[in-house]
Amino acid sequence: MNPSASIANPGASHQAEAGAGFADLHLHTLFSDGTFTPEELALKGAQLGLVAMALTDHDTVEGCPRMALACRNWGIEFIPGTELTAEFDGHEVHLLGYFMDVQQPRLLAAIKKFQAVRQERIQEMVARLNKLGLPLRAETVFALANCLSPGRPHVARALARDGLCGSMDEAFERFLKKGRPAWVPKYKISARDAMDLLHQAGGLAVLAHPGLNHCDRIIPHLAGAGLDGLECFHSKQTSTQSEYYLALAQRLNLAVTGGSDCHGLSKGKPLIGGVRLPAVYLERLKQARRG
Ligand code: AMP
Ligand code: FE
Ligand code: FE
Ligand code: ZN
């Protein structure tokens, strides 16, 4: 337990020494496809003794005000963020945005468009599932998602809950994974435009989980196009991959970030706590903001 954020005494925290302790900079709540509320997530962070947390819900910043408040109660530094799905040279990449002004009209207008695309995609995926004989309704998925950024995990959850699939994993494997019969390609903003959007909103752009992308050769090009950082530490990346991306970040002069990519209970045990980013990296990320 972090002595600076006593569970028995929320609010009675002191400012953590800059660069000391651990952070988690990749987290989802039920404002996208996670299952925790911002308050539940902040509590988990406090229990784990985190000194800083970033909320990076897919295509939304809606949970940030609540998460900011919840983190403040525990003496945890909060970094507003989001995770945008973008495209670079034919590859899907996820870009983590940090420190944006979450009220900037241009950012909010773009997010609204991404969310409309997500909602249309749900309709299309459900139509395909119906053609395959599965009696799922889009309204069921929207009701279950209960958020503006619905995604495939919500379709998978609905299929599993209604007994149309044995599990979420089965739903992805049989229907929703890329190339499967109910998979629908998603409109994606170009990575250049996404980075511009984040920068214009006062934020930084970080390449999420590069180890899952299988396109390392594009990283130098992203760096040349304005990328600020690389997510070197992630639940699904091995320590060998972390070492590789740490060296690459150093070579390309990119900031280093890390996070659990916790989606709550949607994929079994919550991942929060599994990745503990030394907070000194957060200080360097902030320097990238100034530099
Ligand atoms: P979408 O943004 O709608 O394309 O959905 C992508 C989300 O689906 C990401 O957050 C992934 O973490 C999640 N996802 C991908 N594969 C699976 C899987 N097999 N089981 C559960 N979630 C998955
Ligand atoms: Fe997700
Ligand atoms: Fe991602
Ligand atoms: Zn994520």
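**Why is it called that?**

Tutor: The lining of the largest cavity takes at least two residues from strand 3 and at least two from helix 3. This is a predicted model, in which local features need pLDDT of at least 70, side-chain atom pairs count only at pLDDT 80 or more, and totals for chains, interfaces and linings use all residues. Residues count from 1 along each chain as written, chains are lettered from A and ligands numbered from 1 in written order, and side-chain values use heavy atoms, without hydrogens or water.

Student: Why is a space called a cavity and not a pocket?

Tutor: On a 1 Å grid over the protein atoms alone, a 1.4 Å probe fits in a cavity but cannot get out; a pocket is an open set with protein on both sides within 12 Å along at least five of seven lines. Lining residues have an atom within 4 Å of a point. The model has two cavities of 30 Å³ or more. The largest cavity holds about 70 Å³. A volume is the space filled by probe spheres set on the points, which are joined across faces, edges and corners.

Student: Which element gives the largest share of that cavity's lining?

Tutor: Helix 3, with three residues. Among the lining residues of the largest cavity are F114, V117 and R118.

Student: What is the volume of the largest pocket, and what lies nearest its centre?

Tutor: The largest pocket has about 1,200 Å³. Its lining has 36 residues, with E92, H94, R152, F172 and H209 nearest the centre. By class, eight are nonpolar, 14 polar and 14 charged. Here Ala, Val, Leu, Ile, Met, Phe, Trp, Tyr, Cys and Pro are nonpolar, Asp, Glu, Lys and Arg charged, and the others, Gly among them, polar.

Student: Which residues hold the iron ion (ligand 2)?

Tutor: D33, H58 and H263 coordinate ligand 2, at 2.1 to 2.8 Å. The two iron ions, ligand 2 and ligand 3, are 5.9 Å apart.

Student: How do you know that Y98 is buried?

Tutor: Buried means under 20% relative accessible area, exposed over 50%, partly exposed in between (1.4 Å probe, protein chains only). Y98 has 0%, so Y98 is buried. H94 and H209 are buried too. Beyond four places in sequence, Y98 touches residues including L25, P80 and L285; contact means heavy atoms within 4.5 Å.

Student: Where is pLDDT under 50?

Tutor: Over residues 1-15. pLDDT is the predictor's confidence in each residue, from 0 to 100. The chain's mean is 93, and 93% of its residues reach 70 or more.

Methods:
Donors = N, O, S within 2.8 Å, 3.2 Å for Na, K, Ca; no water. Helix = DSSP H or I, 4+ residues; strand = E, 2+ residues; numbered from the N terminus.
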